[in-house]
Amino acid sequence: MADLQKLTIGKAINLGLRRAMEEDPKVLIMGEDVGKLGGVFRITDGLQKDFGEQRVLDTPLAESGIIGTAVGLAVRGFRPVCEIQFEGFIFPGFDQISSQVAKLHYRTQGKIKMPIVIRVPFGGGIGAVEHHSESPESLFAHIPGLKVVSVSNAVDAYWGIQQAIKSDDPILFFEPKKLYHSGAMKSEVDTEGTPDELFKSRVVREGTTATVVAYGPSVKVALDAAAAAEDEGKSLEVIDLRTLSPLDLEPVFESVRKTGRLIALSEAPSESSLTSEIAARVQQECFYSLEAPVLRVTGFDTPYPPAKLEEHYLPDLDRVLHTVDRSLAW
């Protein structure tokens with residue numbers, strides 16, 4: 001029987017974490033201020049009160065220590081869920097992630113599993129200071145041994161965090177922080193339903209004029225652009241990647257063979273990025289179907305700017321529509 005709840009992305013993750021902890025006593029949550037405060041975005045609100053300080057741990061301000069401790073817990077059979085408070089704080093833990101988390105399963109020929117989830121609020125749009133609005137997901141997608149997920153809606157947030165926790169592989173779970181509590185992004189979640197497979201992309205709007213592929217916070221921008229383009233007589237197909245490593249590009253190839261055009265959309269800088277990989281792969285697989293080069297709409301190749309300038313940095317509806325026009329004019 002369906003149990004429909006209208007949830008924000010933030011509330012969906014909270015409920016997903018709660019359900020995972022109810023189902024498996026080996027699931028632990030750890031991070032800076034995740035306990036009594038409930039996290040700076042209140043995503044873990046109420047979990048320490050209900051599950052206790054032994055399962056929801058407030059840690060020191062030490063990302064390397066958080067990840068290193070999670071490695072030890074995973075070796076001992078636990079399923080730690082680490083919260084990195086902001087994506088810009090993850091780099092002190094980068095060595096642990098790339099040298100230990102990503103490699104221990106391979107190094108031990110499968111004897112040791114690393115069922116670790118690292119939750120990462122990412123992206124801009126919240127008017128924050130330096131190190132609080134970045135998009136470093138391409139760095140982790142490039143590391144063999146890691147899986148990288150990025151959700152864009154409450155349904156995937158609720159089910160995806162549970163699927164990630166159940167996985168025996170280490171997963172970085174990138175969450176669009178500016179959409180955590182957005183009322184516009186509320187959606188009905190069947191908390192007793194059957195989730196889609198985690199590592200599959202999804203067509204979220206069908207179209208015929210051009211394909212727009214996006215992930216995380218950029219999916220909303222793509223959908224808004226598609227709605228605006230419809231008023232101009234253009235039909236944009238929008239694909240949510242959902243998982244960044246491994247990439248599921250078959251739906252993208254199928255769409256491009258239909259539309260002949262692709263715009264890859266992301267907040268991250270363009271150089272050596274996921275949009276670069278998408279462009280290369282589509283060119284390889286769909287060369288004779290393309291009516292125009294693959295075009296990209298991204299953040300700029302600069303450090304993330306001060307809050308007063310971020311609206312000029314972040315890809316928006318107008319930049320997407322302009323790029324669609326460029327593609328059609330080719």
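Which side chain meets that of arginine 79 in a salt bridge? The partner is aspartate 24, with an N to O distance of 3.9 Å; a salt bridge here is a side-chain nitrogen of Lys or Arg within 4 Å of a carboxyl oxygen of Asp or Glu.

## Basis of the model

This is a predicted model, in which local features need pLDDT of at least 70 and side-chain atom pairs count only at pLDDT 80 or more, while totals for chains, interfaces and linings use all residues. Residues are numbered from 1 along each chain as its sequence is written, and side-chain values use heavy atoms, with hydrogens and water left out.

## Domains

The domain assignment gives domain 1 (4–190) and domain 2 (202–329); such bounds come from an automatic or database domain assignment. The domain centres, taken over C-alpha atoms, are separated by 26 Å. At the boundary, 26 residues of domain 1 are in contact with 22 residues of domain 2, where contact means heavy atoms within 4.5 Å.

## Nonpolar cores

A nonpolar core is a set of buried Ala, Val, Leu, Ile, Met, Phe, Trp, Tyr and Cys residues joined through side-chain atoms within 4.5 Å. Buried means under 20% relative accessible area, exposed over 50%, and partly exposed in between (1.4 Å probe, protein chains only). The largest core has 44 residues, and those with the most contacts inside it are Ile116, Phe140, Leu172, Leu241, Val252 and Val282. Elements that each supply at least two residues of this core include α3 (63–75), β5 (117–122), β7 (171–176) and α10 (274–286); helices (H or I, at least four residues) and strands (E, at least two) are DSSP runs, numbered from the N terminus. Domain 1 and domain 2 each contribute at least three residues to this core.

Leaving aside residues up to four places away in sequence, valine 252 touches Val213, Ile239, Leu241, Leu262 and Val282. A second, separate core of 36 residues includes Ile13, Met21, Val27 and Val56.

## Salt bridges

The whole structure holds 21 salt bridges. One of them joins the side chains of arginine 19 and glutamate 192 at 3.8 Å, N to O. Arginine 19 lies in helix α1 (residues 9–23) and glutamate 192 in the loop between β8 (187–190) and β9 (202–205), so the pair ties together parts 173 residues apart in sequence. Arginine 19 is buried at 18% relative accessibility, whereas glutamate 192 is partly exposed at 49%.

In the pair of arginine 79 and aspartate 24, the arginine lies in strand β4 (residues 79–83) and the aspartate in the loop between α1 and β2 (27–31), so parts 55 residues apart in sequence are tied together. Arginine 79 is buried at 17%, and aspartate 24 is partly exposed at 23%. Glutamate 232 and lysine 234 also form a salt bridge, at 2.8 Å, N to O. Salt bridges that share partners join Arg19, Glu23, Lys166 and Glu192 into one network.

## Glutamate 137

Glutamate 137 is placed in helix α6 (residues 137–141). This residue is buried without a salt bridge, and the nearest side chain of opposite charge, lysine 177, is 9.4 Å away. For such charges, Lys and Arg count as positive and Asp and Glu as negative, with His and the chain ends not counted.

The side chain of glutamate 137 does make a polar contact of 2.5 Å with that of tyrosine 215. A polar contact is a pair of N or O atoms within 3.5 Å; within protein, one must be able to donate a hydrogen and the other to accept it, and residues adjacent in sequence count only if both atoms are side-chain atoms. Not counting residues up to four places away in sequence, glutamate 137 touches several residues, among them Phe122, Phe174, Leu244 and Ser266.
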